[in-house]
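The following account leads the reader through a protein structure, from one residue to the overall fold and then to selected elements. Please keep the sequence and the model in view while reading.

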Amino acid sequence: MEKLSNPTDIARETLKQLALRRIVPSPDHYEAIYHEIAQTSDDERQHAGLKELIQALEGLSGQNPEAKRQVEQLKRIIRKEEWSNLYDQLIRCFNAQSSQSELSKTWADLIKDLILQWDLRNPAYPPSRKKEALDRVLANFGNNSTELNNKLVGLIGSWSETGVENNVSPASDVAAAINDLTLSTETTGINWQDWRESTVTALEVGLAARLLHNPDLQQETLTIANEAKAVGNQADMEKWLPRLRKFWLKLELQNDQEDRLADGLMRLLRLLTDNMAEIVIDDEWVRGQIAVIQTIMAQPLDMRVLYDAEAGLKEVLFKQSQVKHSLVEAQAALKNMLTSFIDRLGLISQSTDNYHAKITQYATKIEAANDLVSIRHVMEDLMQDTRSMQIDVLRSRDDLLEARKQADLAHSRVIELEKELTALSDKVREDQLTGALNRRGLEDAYQIELARSQRSNAPFALSLLDIDNFKKLNDNLGHAAGDKALQHLVQVVKDLLRPTDTVARYGGEEFVILMPNTNLEEGMLVMQRVQRELTKRFFMHENEKVLITFSAGLTLAGVDENRDAVLARADGAMYLAKKSGKNRVETV
Ligand SMILES: Nc1nc2c(ncn2[C@@H]2O[C@H](COP(=O)(O)OP(=O)(O)OP(=O)(O)O)[C@@H](O)[C@H]2O)c(=O)[nH]1
């Protein structure tokens, strides 16, 4: 048979042959006859099949740049006839193609929607419910990016079903969304260009806009976004990911800190409002308390400032409520005195009124009397009434004098208590929970010991200790047990310190120990003694032994150094102790 080259002629001849040979015109039969007429070799037939496959893949890859790249690679393999690589490359093509085509939405759109829907307030989906649903999706997508994409699309759809209103979500949630995308990039290998686009959008639109309150962090976010834009290939992206991860870590720490600040502030405000009734005995108090809050609000918030204010307020309120009790009693006594005073006055005027009425009657009787005997009777009655009136008046006068004395006493007690109350805010030096000194007490004690050290030229050591994993203890055993653990620690420390040493509560679970006349080696021995003792004297919770450990920084106070500089140095050493595995003391 003459070899035909025109595809139309070949097609026509194929149909003719199918009819002549009475063969069912199925696609397979058509293909076989077609190649027979075109006289295609086995190799060519194979290539033709691959070409069709490539065409199909090119058609399917659409705008997916990774799929396009893999198809190009496939063509190159076919051209060079590297058949041993064909199978692997085909799999890559299919993977690249399917990783995009089955996605209900591009990652960039999906993340935009997620951020938007997370921000919108929906009565049917409060943030806690959204978080729960999102956690469920993130726990159950089986490391499959397509599935994650589909599930997120479904989730976002359900959030948007009912009435919504605008509300701004915290930056932490945006960061978490991008972080999740980064993780899924690593585990499922999604296209790096999509990832880059999504990350840049999320950083610029989602995150930076929410960091207005923190210009430094906002600037850093924009810098990171620019770095992301410069990522030019998969390898670059992988190299750059640790940088992004480090940034997330910083954001998480920042958010954690902000959450704790907000918590502290809320507790403080609650404390104030809850106790308004206790402090309104005198407007001065209300003004004083509000001034404390205003001072705190005016300076940059940090946990220690908040803790200090909260602890100070708690103590003042406690003492105030005690003093107020006495004050109320004294006022009640004064009121009783005044009541009896008025009663007595009433009685006196009543008895003198009666007396005057009787005198008038007696005067009438005397006028009408015409003999001495009747006048004498009238006079006897008059004398009798005058005497009893005199007795009444005397008794009332004594009562009045006594009442006045009591009133004076009560009044001076009230004045005394009021003065005490006024002075209380300044006097409180002790932490109410643990009995250690509080920050104000620490300030005084530090000044005294520093002056002593300057005078005697003796070393003065200071240690800052922070209980290890205290949050976990609180979470596992409850806040009340956490409070008792703090008391236990202070008791152990107090028992082991010398009478000249001082322990003060510096923050939530941070304590400062002042050790006058102590050098670094001796200070270290003291701190190690406390550590050892804690391994013998366990904190007991519901009959279970709980081991409390701490990390501490130890330093010497310089004679001319201010307290904050010394504490900052001890804090640095304590941080080092935490970083080196906790339950240790570092000197600096
Ligand atoms: N029970 C109780 N807990 C407090 C008090 N003050 C602060 N805390 C808690 O102490 C915990 C301190 O947690 P973190 O600062 O994360 O420190 P940590 O868990 O000890 O971790 P490391 O310091 O790294 O070992 C927080 O959960 C505070 O709520 C208090 O007066 N009573």
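**A guided reading of the predicted model**

Leu 477 counts as partly exposed, because 17 C-beta neighbours lie inside 10 Å; the model in which this count is made is a predicted one. Leu 477 is found in helix 18. Leaving out residues up to four places away in sequence, Leu 477 touches Gly 482 and His 541. His 541 is 64 residues away along the chain, yet the C-alpha atoms of Leu 477 and His 541 are separated by 8.0 Å.

Leu 477 also belongs to a helix pair. The axes of helix 18 (residues 470-477) and helix 19 (residues 479-496) come within 6 Å and cross at roughly 135°. Helix 18 and helix 19 are therefore oblique to each other. On the side of helix 18, the contact is made by Phe 470, Leu 473, Asn 474 and Leu 477; helix 19 contributes His 479, Ala 481, Gly 482 and Ala 485. By type, the residues of this contact between helix 18 and helix 19 comprise five nonpolar and three polar, with no charged residue.

The wider setting may now be described. The protein has 588 residues, of which 26% are buried. Its secondary structure comes to 21 helices and seven strands. Among the contacts with a separation of 6 or more, 69% join residues 24 or more positions apart.

The interior is considered next. In soluble globular proteins, nonpolar side chains tend to be buried together. In this model the largest nonpolar core has 41 residues, and those that touch the most other members are Leu 464, Ala 504, Phe 511, Val 512, Ile 513 and Ala 552. Several elements give two or more residues to this core: helix 17, strand 1 (460-467), helix 19, strand 2 (502-505), strand 3 (510-516), helix 20 (520-536), strand 6 (550-556) and helix 21 (563-579). Strand 1 supplies the largest share of this core, six residues. Another core, of 22 residues, lies apart from it and includes Trp 107, Trp 195, Met 237 and Leu 251.

When neighbours within four places in sequence are left aside, Ala 504 is in contact with Ala 436, Leu 437, Asn 438, Gly 441, Leu 442, Ala 445, Phe 511 and Val 512.

Helix 17 itself covers residues 439-456, 18 residues in number. From its first C-alpha to its last, helix 17 reaches 25 Å, close to the 26 Å expected at 1.5 Å a residue.

Just after helix 17 comes Asn 457, whose phi is positive, about 55°. Asn 457 lies in the loop between helix 17 and strand 1. Is this residue buried or exposed? Asn 457 counts as exposed, because 7 C-beta neighbours lie inside 10 Å.

Glu 542 also has a positive phi, of about 45°, although it is not a glycine. Its place is the loop between strand 4 (539-541) and strand 5 (544-546). Glu 542 is exposed, because 7 other C-beta atoms lie within 10 Å.

Another loop residue, Asn 562, lies between strand 6 and helix 21. Asn 562 counts as exposed, because it has 12 C-beta neighbours inside 10 Å and a residue with 12 or fewer falls in that class. Asn 562 and Gln 447 are 115 residues apart in sequence, and their C-alpha atoms are 9.3 Å apart in space.

Tyr 30 counts as partly exposed, because 17 C-beta neighbours lie inside 10 Å. Leaving aside neighbours within four places in sequence, Tyr 30 is in contact with Thr 14, Leu 18 and Pro 25. Tyr 30 and Thr 14 are 16 residues apart along the chain, with their C-alpha atoms separated by 6.8 Å.

Key: Residues are numbered from 1 along each chain as its sequence is written. This is a predicted model: local features need pLDDT of at least 70, side-chain atom pairs count only at pLDDT 80 or more; totals for chains, interfaces and linings use all residues. Helices (H or I, at least four residues) and strands (E, at least two) are DSSP runs, numbered from the N terminus. The expected span of a helix is 1.5 Å times one less than its number of residues. Axes are lines fitted to C-alpha atoms, for helices over the stretch in contact, and angles run from 0 to 180 degrees between N-to-C directions. Angles under 35 degrees count as roughly parallel, over 145 as roughly antiparallel, 65 to 115 as roughly perpendicular and the rest as oblique. Two residues are in contact if their C-beta atoms, placed from the backbone, lie within 7 Å. Ala, Val, Leu, Ile, Met, Phe, Trp, Tyr, Cys and Pro count as nonpolar, Asp, Glu, Lys and Arg as charged, and the others, Gly among them, as polar. A nonpolar core is a set of buried Ala, Val, Leu, Ile, Met, Phe, Trp, Tyr and Cys residues joined through C-beta atoms within 7 Å. A residue is buried if 20 or more other C-beta atoms lie within 10 Å of its own, exposed if 12 or fewer, and partly exposed in between; C-beta atoms are placed from the backbone.
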